[in-house]
Amino acid sequence: MNDGSPKYRRIILKVTGEVFAGPHQFGIDGKTVKAFAQEIKEVKEMGCELALVIGGGNIFRGAVASEIGMDRASADTMGMLATVINSLALQDALEKLGVSTRVLSAIEMRQVAEPYIRRRATRHLEKGRVVIFAGGTGNPFFTTDTTAALRAVEVEAGAVLKGTQVDGVYTADPKIDPNATKLDQITYMDVLQRDLRVMDHTATTLCMENRLPIVVFDLMKPGNVRSLLDGQAIGTLVC
């Protein structure tokens, strides 16, 4: 931005849990979390209000467990608890860098996290704290994509930034189809009709109904979040 202020005053950053595993296939890689926390600190210093929603796929995936016979509600609850573990790991890394951070969980566990209350979350953001929304929506059958969209609408965020391991939205899976092309911008309805899986359909519909833009970008490239907030065309804009 020409005046040096970030493009969005308040954002929700959705992070896939697999990122936390780093070079491994499972668990939490300390170096990766520390590096991510450092980038979050730099983004926070730009002056935006920042909240995060972190997946739990590096620890447990409820949808996968249900496919092998586990009760879906129980499996999803386990997945939501995995997001709390990731959130606490990131909170620890951020606070070691001097970044004031609060974890708000949709599943109450007062010994380790504050319960999610919308006004409390908004107040934390206004006070300049990084907020991490854990525990999903608190309900089974909803993904962390939906959590990110829901929380963004509730706290009146300017955008949902979805950090993935690819650099945007493609016409097909680029790992499978060599002819897949990257899209710089696309509408919500095109995402739904073409089943592009930017986010799950519930999350996309919620963003569409509230005119909340989604930016899908490569989180693995250092500096991408800062570049987005500087107004650079990074990833794919869904609007």
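Student: By class, how many nonpolar residues are in the lining of the second largest pocket?

Tutor: This is a predicted model, in which local features need pLDDT of at least 70 and side-chain atom pairs pLDDT 80 or more, whereas totals for chains, interfaces and linings use all residues. Residues are numbered from 1 along each chain as its sequence is written, and side-chain values use heavy atoms, without hydrogens and water. A pocket is an open set of points on a 1 Å grid over the protein atoms alone where a 1.4 Å probe fits, with protein on both sides within 12 Å along at least five of seven lines; lining residues have an atom within 4 Å of a point. Beside one polar and two charged residues, the nonpolar count, in which Ala, Val, Leu, Ile, Met, Phe, Trp, Tyr, Cys and Pro are included, is six.

Student: Which element gives the most to the lining of the largest pocket?

Tutor: The lining of this pocket comprises 42 residues, with Lys14 and Asp145 among those nearest its centre. Elements supplying at least two residues each include α5 (144-154) and β6 (159-164); helices (H or I, at least four residues) and strands (E, at least two) are DSSP runs, numbered from the N terminus. The most, five residues, comes from α3.

Student: What radius of gyration does the protein chain have?

Tutor: For 239 residues, a compact globule would have a value near 18 Å, by the rule of 2.2 Å times the number of residues to the power 0.38, over C-alpha atoms. The chain agrees with this, at 17 Å.
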